[in-house]
Amino acid sequence: MIVITTPTGDIGRQVLNRLLVSGEAVRVIARDFTRLPEHVRAQAEVVEGSHADADTIAKALEGADRLFWLVPPAGFRDAGPAGRYYLDFTRAAAQEAASRGVPMVHVTSLGHGYSGEAGLLSAALDMDELIESTGVQHRALALPFFMENLLRQAQPITQQGVFSMANTADRPLLTVATQDVATAAAALLLDTTWNGQARVPLVSSDNLSPDAMAEIISETLGRPVRYQQVPLADFQARMVQHGASPSLAQDMADMVNAQNNGIYDAEPHDPACATDFRQWCRNILKPAVQS
């Protein structure tokens, strides 16, 4: 029995679908089972509740063989500093999985060994230490910048021929596609031969700056698209103006600052993913901006 968290999220949904196709017994944790697709409700056991709740996680892990763990984004609500949010959300699951001997495959950030403040990425790395401290067997999928983050820019790409972030325009930024994360997670969840604790960096073969991404996007779409770098202070202020809590805006700004300072280069990694940025633009971004 494999337990899946965030079954309606971008990564969790893809992991779940891969496991259902495999025929493995699957149990999902969901706050609202009505949000689950009909084929999931027909094929998987459902435990309703939050996977941060100790009773819910204990129920879900009863008789389980593996756990896929992903902390959902806090969103714009004031959940306090990201470090506290990640640890509070994860503590019960890590302890319960350790006590029951249920190995975990979890999603975290690339950048182990980075010494500066990194906001959301520091929170993920602190979560790794918590999980490891329980002694539970685990594989930490260490991820850089998601290509899918650019889907939030579909409208300005379509209407103004521009996308904007606070990342340095000419600094290479390691990336990964969520479909490759899901493929790796599903493979580890189905593999009963591994043990111990280890990190698994997942990085595409690209190492592109935002300016270079703009060139590939332009070629893929057949029209000019440029990158516009937003000053970090403006990025942070704009988040607050759009309803983000000050703590979330600070954590996001610290994350981008760490990306600009090379956090992803702090951890050894080899390109290990099938999807490069050009493929992703052709298969995912282009249909999104043309819809």
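1. Aromatic cluster. Trp69, Tyr85, Tyr86 and Phe89 are linked into a cluster by ring pairs. Rings of Phe, Tyr and Trp (its six-membered ring) are paired if their centres lie within 6.5 Å; planes under 30 degrees apart count as stacked, over 60 as edge-to-face and the rest as tilted. By this rule the count comes to five aromatic pairs. The rings of Trp69 and Phe89 have centres 6.0 Å apart and planes at 55°, so this pair is tilted. The pair links distant parts of the chain, with Trp69 in strand β4 (residues 66–69) and Phe89 in helix α4 (residues 82–100), 20 residues apart. Trp69 and Phe89 are buried; buried means under 20% relative accessible area, exposed over 50%, and partly exposed in between (1.4 Å probe, protein chains only).

2. Basis of the note. This is a predicted model, in which local features need pLDDT of at least 70 and side-chain atom pairs count only at pLDDT 80 or more, while totals for chains, interfaces and linings use all residues. Residues are numbered from 1 along each chain as its sequence is written, and side-chain values use heavy atoms, with hydrogens and water left out. Helices (H or I, at least four residues) and strands (E, at least two) are DSSP runs, numbered from the N terminus.

3. Phe277 and Trp280 both lie in helix α11 (residues 277–290), three residues apart, about one turn of the helix. Their ring centres are 6.0 Å apart and their planes at 25°, so the pair is stacked. Phe277 is buried, with a relative accessible area of 0%, and Trp280 is buried, with a relative accessible area of 1%.

4. Charge over a ring. The charged end of Arg66 sits over the ring of Trp194, 4.8 Å from the ring centre. The criterion is that NZ of Lys or CZ of Arg is within 6 Å of the ring centre and within 35 degrees of the ring normal.

5. Two strands pair if DSSP finds at least two bridges between them. Strand β1 (residues 2–4) and β2 pair in the parallel sense over three bridges, with Ile2 opposite Val26. The chain crosses from β1 through helix α1 (residues 10–22) to β2 in a right-handed β-α-β crossover; right-handed means that, with the strands pointing away from the viewer, the path from the first strand over the helix to the second runs clockwise. β2 and strand β3 (residues 45–48) pair in the parallel sense over four bridges, and Arg27 stands opposite Glu45 in β3. The β-α-β crossover from β2 through helix α2 (residues 38–43) to β3 is right-handed.

6. An open sheet. Three strands form an open sheet in the order β7-β9-β11, with mixed pairing. β7 (145–146) and β11 (207–208) stand at the edges, each with a single partner strand, so one side of each has no neighbour in the sheet. Strand β9 (residues 173–176) and β11 run antiparallel and are joined by two bridges, and Leu173 stands opposite Leu208 in β11.

7. Ser122. This residue is in helix α5 (residues 120–133). At 15% relative accessibility, Ser122 counts as buried. Leaving aside neighbours within four places in sequence, Ser122 is in contact (heavy atoms within 4.5 Å) with Gly116 and Glu117.
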